[in-house]
Amino acid sequence: MKYSTPEKAGISSKNIKKYIEKLEENGLATHDLIIAKGDEIVFEKYWAPFHKDYLHRMYSVSKSIVSLGVGFAQQDGLVNLDDPIKKYFPKECEKCPDEAVKNQTVREMLMMATSSGWGKWFQADSDDRVALYFLQDGEKKVRPSGTIFEYDSPGSFVLGAMVERLTGKDLLTYLREKAFDEIGVSKEAYFLKCPGGHSWGDSALLCTAHDLLKMARFTMNMGKWNGKQLLNEEYLKKATSCQIYNNDTGARTFDSLGYGYLIWRTYDDSFFFNGMGCQFAICVPHKDLIMIYNGDNQGKDYAKKVIFDYFYDYIVREMEDNEIEENDADVKALKEYVEPLKLIKMEGPVDSEYKEKINGVTYELTENPMGIKELTFKFNGNKGTLCYTNAQGYKELNFGFGENVFGLFPQEGYSDEVGSKVAPGNKYKCCASAAWVEPHKLHIYVQIVDKYFGNAHMTFSFKGNEIGVLMRKTAEYFLMEYNGFAGGKIKE
């Protein structure tokens, strides 16, 4: 990709600054942001420690990449979109208790118009996620496929597995051969796996922000790259246009304006790839504009609305069709504002009289959902350590006041390269920061920044010789040990 300036794209630096100010004012955990017009990047920012070469977990953006794989498989004559899924998984369907599931078509699955979605799919213990999809006994939704939109994450995984079965290749290997090498997707990009060996196509593509930009640009180009038509235009026109109504509440929100083939419709006749926690590739064809946003805003229900609404208000709808004159002061102000921005941290007072009162004091907790038996705080200047004992044994979590402290989250065994499978000894990279939200109340904010993203908020309130504890986690199928209330007293 080449680089240009916002003003040459018809965007004022002042408006980009206003947009990012809104992201910051709303406390978003932003990791990167790219704005590109045509083949030129006009703005690019990474919130440290994230950087240009970082392989970021894209969560459900992965589904849109599966859609590209299905498009190529159709182009190669390997799949008919109107075939029932049982044609491609005959063995797995032998045990399927639901005829409607077996007979839903590939096209209906691309549209999230399946007859039965299984919300507990990921949590179930299985050695083969494909086979598990067809064993949805008790999950019947009493509707024919192709009629109603309902988000069916495992259905998109099955479509990715179908492409792998038909091609005999890993999904990303197939996509590289068909287009991704041509468009310059990095060699380091990869998918995590699911039990059974298939790529985790509904959630676990890891790639750079630039990789995602290229994938989005290829899609908005309707399959064309450097003058070569790599994927047929007809498929992508349908994939990015409204194939099914997805607004069951009557609200006019960024994600209620229709759905294509594993690709969402949004404001102003645009479309986007949509990943949990706010991984986005927003494509605005009539402006030839793409925005890439990655972050971890799980638990902040307002975050997606902030990202979308202000992007359209400040950037898309204020964008001129032609180059505009640069304002030196605005260009300088934008540069000076974004340069020091780093990953969000806990805000608030860094000191309290309780710091000395509880330093080194051990609290013994009554039985609690976290399984924490006792805990101790140790402070050293603007750094602290939470020492605690749970079912796994003794743990230490380091944190900073007014800053993030980076290290490994102490809980062991969470999934690594294979989703939902225990990985003995595995620890996730994390950062933690803290503040005294009240003189007697300490709040620690933990961010998991690894192949998996998630966060935990831990509040500790001190009253005489007693302690009250609240832990809340937002993460997909991990950090379960850090959720609930506890109480205790100073250990005698």
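Leaving aside its neighbours within four places in sequence, which residues is T105 in contact with? They are L81, D82, D83, P84 and I85, where contact means heavy atoms within 4.5 Å.

## Basis of the model

This is a predicted model, in which local features need pLDDT of at least 70 and side-chain atom pairs count only at pLDDT 80 or more, while totals for chains, interfaces and linings use all residues. Residues are numbered from 1 along each chain as its sequence is written, and side-chain values use heavy atoms, with hydrogens and water left out.

## Overall form

The protein has 13 helices and 22 strands. Helices (H or I, at least four residues) and strands (E, at least two) are DSSP runs, numbered from the N terminus. With a radius of gyration of 24 Å, close to the 23 Å that the globule rule gives for 492 residues, the protein is as compact as a globular protein of that length. The radius is taken over C-alpha atoms, and the rule is 2.2 Å times the number of residues to the power 0.38. Along the principal axes, the C-alpha atoms fill a box of roughly 75 × 65 × 45 Å.

Contacts between residues 24 or more positions apart make up 61% of the contacts in the protein with a separation of 6 or more.

## Surface and charge

Of the 492 residues, 57% count as buried. Buried means under 20% relative accessible area, exposed over 50%, and partly exposed in between (1.4 Å probe, protein chains only). The accessible surface of the protein comes to about 20,100 Å², and 48% of this belongs to carbon and sulfur atoms. Such areas come from the Shrake-Rupley method with a 1.4 Å probe; for residues, only the protein chains shown count as cover.

There are 61 positive and 71 negative side chains, and the centres of the two sets lie 2 Å apart. Lys and Arg count as positive and Asp and Glu as negative, with His and the chain ends not counted. The place of a charge is taken as NZ of Lys, CZ of Arg, CG of Asp or CD of Glu.

T105 belongs to the loop between α4 (99-103) and α5. This residue is buried, with a relative accessible area of 12%.

T114 is placed in the loop between α5 (106-110) and α6 (129-133). At 1% relative accessibility, T114 is buried. Its side chain makes a polar contact of 2.9 Å with the side chain of D152. A polar contact is a pair of N or O atoms within 3.5 Å; within protein, one must be able to donate a hydrogen and the other to accept it, and residues adjacent in sequence count only if both atoms are side-chain atoms. Beyond four places in sequence, the residues in contact with T114 include Q104, E108, M109, Y133 and R143.

## I307 in helix α11

I307 sits in helix α11, which spans residues 303-316. Its relative accessibility is 0%, so I307 counts as buried. Beyond four places in sequence, I307 is in contact with Y19, L23, L28, C278, F280, M291, Y293 and N297. I307 and V42 are 265 residues apart in sequence, and their C-alpha atoms are 18 Å apart in space.

## Partly exposed loop residues

V350 lies in the loop between α12 (328-338) and α13 (354-358). Its relative accessible area is 27%, which makes V350 partly exposed. From V350 to F218 the C-alpha distance is 47 Å, and the two are 132 residues apart in sequence.

E476 is found in the loop between β21 (466-475) and β22 (484-490). At 27% relative accessibility, E476 is partly exposed. Leaving aside neighbours within four places in sequence, E476 is in contact with R57, Y59, S203, M276 and Q298. The C-alpha atoms of E476 and D288 are separated by 34 Å.

## Backbone features

A cis peptide bond, with omega of about 15°, joins A48 and P49. P49 is in the loop between β3 (40-46) and β4 (56-57).

D268, which is not a glycine, has a positive phi of about 55°. D268 lies in the loop between β9 (264-266) and β10 (270-275), and is partly exposed at 28% relative accessible area. S420 has a positive phi near 75°, again in a residue other than glycine. S420 is in the loop between β17 (405-408) and β18 (429-438), and is partly exposed at 29%.
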